[in-house]
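Here is a short briefing on one protein chain. Keep the sequence and the 3D view open as you read.

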Amino acid sequence: MGVEESVAIDAGPDRVYTAVADLRRMREWSPEVFATWIRGRTIVPGTRFVGFNRLGWRLWFTTCQVTVAEPGGAFAFRVSVFGIPTALWGYRFEGFDVDGTPRTRLTEYWEDLRRGHRGAGFASWLGRVFTGVPAERRAAANRQGMRATLDRIRTGVERASGT
């Protein structure tokens with residue numbers, strides 16, 4: 001199970017990538033993330049970080065590892081809770097020009113990893129306890145969050161670019 005959403009941004013792929021791959025800025029973009037703790041200074045495949053999340057009064061953290069970090073091309077990370085794989089989050093950056101102006105189609109995607117392994121039932125239960133969202137509604141909730149995230153990224157990058 002997975003979902004994806006896209007938005008067009010008035011900036012080139014490298015500029016958009018720089019904003020998205022700066023994990024310290026994730027709290028600016030995501031409606032759930034309120035803080036991140038990153039191990040190390042550079043963001044490369046293998047970089048580990050902890051995301052601190054909030055949905056209403058519920059708080060939880062996830063451990064994450066960057067799996068793809070291709071400037072201007074793709075950025076992704078795996079998420080786990082207590083060592084149990086829960087999700088893959090990623091972004092694709094597709095550059096194009098409109099009348100000589102660089103633009104980017106930014107696509108955010110999410111894949112549910114809580115299925116098909118020994119801890120899947122426990123991971124789904126943890127997801128509901130921590131987020132309040134049952135597994136069967138998580139895709140819809142994530143789609144809504146993605147739309148908010150992409151809009152915030154678009155607004156932030158375009159404001160910084162002066163467009």
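Two strands count as paired if DSSP finds at least two bridges between them. The model is predicted.

**Strands and hairpins**
- Strand β5 covers residues 74-81, and strand β6 covers residues 84-98. They run antiparallel and are joined by 8 bridges.
- Within this pairing, Phe-77 stands opposite Trp-89 in β6.
- β5 and β6 make a hairpin with 2 residues between them. In its turn, Phe-82 has a positive phi of about 50 degrees.
- β6 also pairs with strand β7, residues 101-112. This pairing is antiparallel too, over 12 bridges.
- Here Gly-90 stands opposite Tyr-109 in β7.
- The hairpin of β6 and β7 has 2 residues between the strands. Asp-99 takes a positive phi near 55 degrees there.

**The nonpolar core**
- The largest nonpolar core has 32 residues. Phe-75, Phe-77 and Leu-106 have the most contacts inside it.
- Leaving aside neighbours within four places in sequence, Phe-75 is in contact with residues including Tyr-17, Val-20, Ile-43, Val-68, Trp-89 and Phe-93.

**Aromatic rings**
- How many aromatic pairs are there? The count comes to 7.
- Tyr-17 and Phe-93 are both buried.
- In another pair, the ring centres of Phe-34 and Phe-52 are 6.4 Å apart. Their planes are at 50 degrees, so this pair is tilted.
- Phe-34 lies in strand β2 and Phe-52 in strand β3, so the pair ties together parts 18 residues apart in sequence.
- Phe-34 is partly exposed, with a relative accessible area of 30%. Phe-52 is also partly exposed, at 31%.
- Arg-54 lies over the face of Phe-34, 4.3 Å from the ring centre.
- Ring pairs also link Tyr-17, Phe-49, Phe-75, Phe-77 and Phe-93 into a cluster.

**A loop residue: Thr-47**
- Thr-47 is in the loop between β2 (33-38) and β3 (48-55).
- Is Thr-47 buried or exposed? Its relative accessible area is 6%, so Thr-47 is buried.
- A polar atom of the Thr-47 side chain lies 2.9 Å from the backbone oxygen of Val-44.
- Beyond its neighbours within four places in sequence, Thr-47 is in contact with residues including Ile-38, Thr-42 and Cys-64.

Technical notes:
Residues are numbered from 1 along each chain as its sequence is written. This is a predicted model: local features need pLDDT of at least 70, side-chain atom pairs count only at pLDDT 80 or more; totals for chains, interfaces and linings use all residues. Side-chain values use heavy atoms; hydrogens and water are left out. Helices (H or I, at least four residues) and strands (E, at least two) are DSSP runs, numbered from the N terminus. Buried means under 20% relative accessible area, exposed over 50%, partly exposed in between (1.4 Å probe, protein chains only). A polar contact is a pair of N or O atoms within 3.5 Å; within protein, one must be able to donate a hydrogen and the other to accept it, and residues adjacent in sequence count only if both atoms are side-chain atoms. Contact means heavy atoms within 4.5 Å. A nonpolar core is a set of buried Ala, Val, Leu, Ile, Met, Phe, Trp, Tyr and Cys residues joined through side-chain atoms within 4.5 Å. Rings of Phe, Tyr and Trp (its six-membered ring) pair if their centres lie within 6.5 Å; planes under 30 degrees apart count as stacked, over 60 as edge-to-face and the rest as tilted. A charge sits over a ring if NZ of Lys or CZ of Arg is within 6 Å of the ring centre and within 35 degrees of the ring normal.
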